[in-house]
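Student: Take one part of this model and look at it closely. Then place it among the other features. Keep it brisk.

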Amino acid sequence: MGDYNQLLVLDLVRRDPGISRVELSQRTGLTAQTVSNICRRLVDAGLIEEAGRKEADTGARRTVFQVVAGGQYSVGLHIDPARTTLVLMNLAGEVEDRTSIPTPTTDGPEDALAAIVDAVGALVRRAGVPLPRVSGVGVSAPGPVQADAVVGPPNLRGWGVVRLREELERRLGLPVVLEKDTIAAATGELWAGGGTLSDFAFIYLGTGIGAGIVLDGEVKRGSSDNLGEIGHLSGDADGPRCTCGGRGCVAITSAPVHLVAAAVDAGTLPPVDLDDFLGVERALGRLCALADAGDERAEEIVGRSARAIARVAGNLANILDLDTVVLGGPNWPALAPTYLRIVPPITASLLTVGEVHGVGVRGTTLGEDGGAIGAACLVMSSVASARSDHLLLPR
Ligand SMILES: [Zn+2]
């Protein structure tokens, strides 16, 4: 892909379609001649194209550029213990295709890795994209992560330490970047926000519960890239006892397996195999549908989990002085109706600085694919940007 300056120019053209050479020169500090040479190389490589002319303040008419959407692609992959989701994103940041497969639940990672390799190949082939146009694969995986490996994720049985980046690079023959799921999801949301989001928490509602944090427009990663483990924050003082000794930790109160087990106990759902994550996810969907239809016991179970999340969200907003909380993750579409009714007022009522500013609570704009889209953004950023957090998806 060439040198840093070339990446910088490509990044700017992508963020700001219709930018001219003069503006590129001003924004990068590169000389007009260097910018001209870079633009020519990028045009020759099929990554950017001329997009007409516009009149400058001086009256001069200048050629402007935009990216060639199909000039480059990245694959985003989100591994949740229940489902693995894949998206194919073009250089303009548009998702051209998506698919999802059940995450194999056999002991250890081997079946999952094989299924992922097959699914990536199928997605790229189906879209008719030549492999050289795929710049890489971004992987969003449950934490903890360490140095490009996942380290014994609690809901992936028998995984232990898996060098996911290395393994997938070898099998796919493509560059791979790995990020924890909550951080990838927050990255996707930040990009999609198009500069409207600056200080927010992304609360990830999947098989596990976590948070991604963005402060001052920058995705935070913490000392070991594992920021956002909110599972042991209590949101329900009368909730069930947790393994940590506390009560009402959201890792329990708001985990799908807990909601489904409670619904089965209450006779609201028929018995479900609680070790089958995909089965639990589907049962959660049925439970939420019952709640939306006015079933009182279902409403109570889903509502109680929402109140716990709302309290934790309020505390995060207080600690970090956030103005926005975004709710998302694989189970968001099912949970949204109940959560959007219950969470915003409780979270807002907890805000200590409510006299100074409020806190907006809303659902993700990226649907259930947010983790995969965020992972694809991370690839784009590593090949086409100096600083991923500041790139923007089309709106
Ligand atoms: Zn706990």
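Tutor: Contact means heavy atoms within 4.5 Å. The model is predicted: local features need pLDDT of at least 70, side-chain atom pairs count only at pLDDT 80 or more, and totals for chains, interfaces and linings use all residues. Residues are numbered from 1 along each chain as its sequence is written, and side-chain values use heavy atoms, with hydrogens and water left out.

Start with Thr338. Thr338 sits in helix 11, residues 332–349. Helices (H or I, at least four residues) and strands (E, at least two) are DSSP runs, numbered from the N terminus. Thr338 has a relative accessible area of 1%, so it is buried. Buried means under 20% relative accessible area, exposed over 50%, partly exposed in between (1.4 Å probe, protein chains only). Setting aside neighbours within four places in sequence, Thr338 contacts Ala291, Asp292, Val302 and Gly303.

Now the domains. The bounds come from an automatic or database domain assignment. They give domain 1 (4–67), domain 2 (71–187 + 371–390) and domain 3 (194–364). The C-alpha centres of domain 2 and domain 3 are 24 Å apart. Between these two, 21 residues of domain 2 contact 24 residues of domain 3.

Two strands pair if DSSP finds at least two bridges between them. Strand 7 (residues 134–141) runs parallel to strand 11, joined by five bridges. Gly138 has Val177 of strand 11 as its bridge partner.

Last, the metal. His232 (ND1), Cys242 (SG), Cys244 (SG) and Cys249 (SG) coordinate the zinc ion at 2.0 to 2.3 Å. Donors are N, O and S atoms within 2.8 Å of the metal (3.2 Å for Na, K and Ca); water is not among the atoms, so sites may look incomplete. Along the chain, the donors are spaced H-x9-C-x1-C-x4-C. Cys249 has 1% relative accessibility, so it counts as buried.
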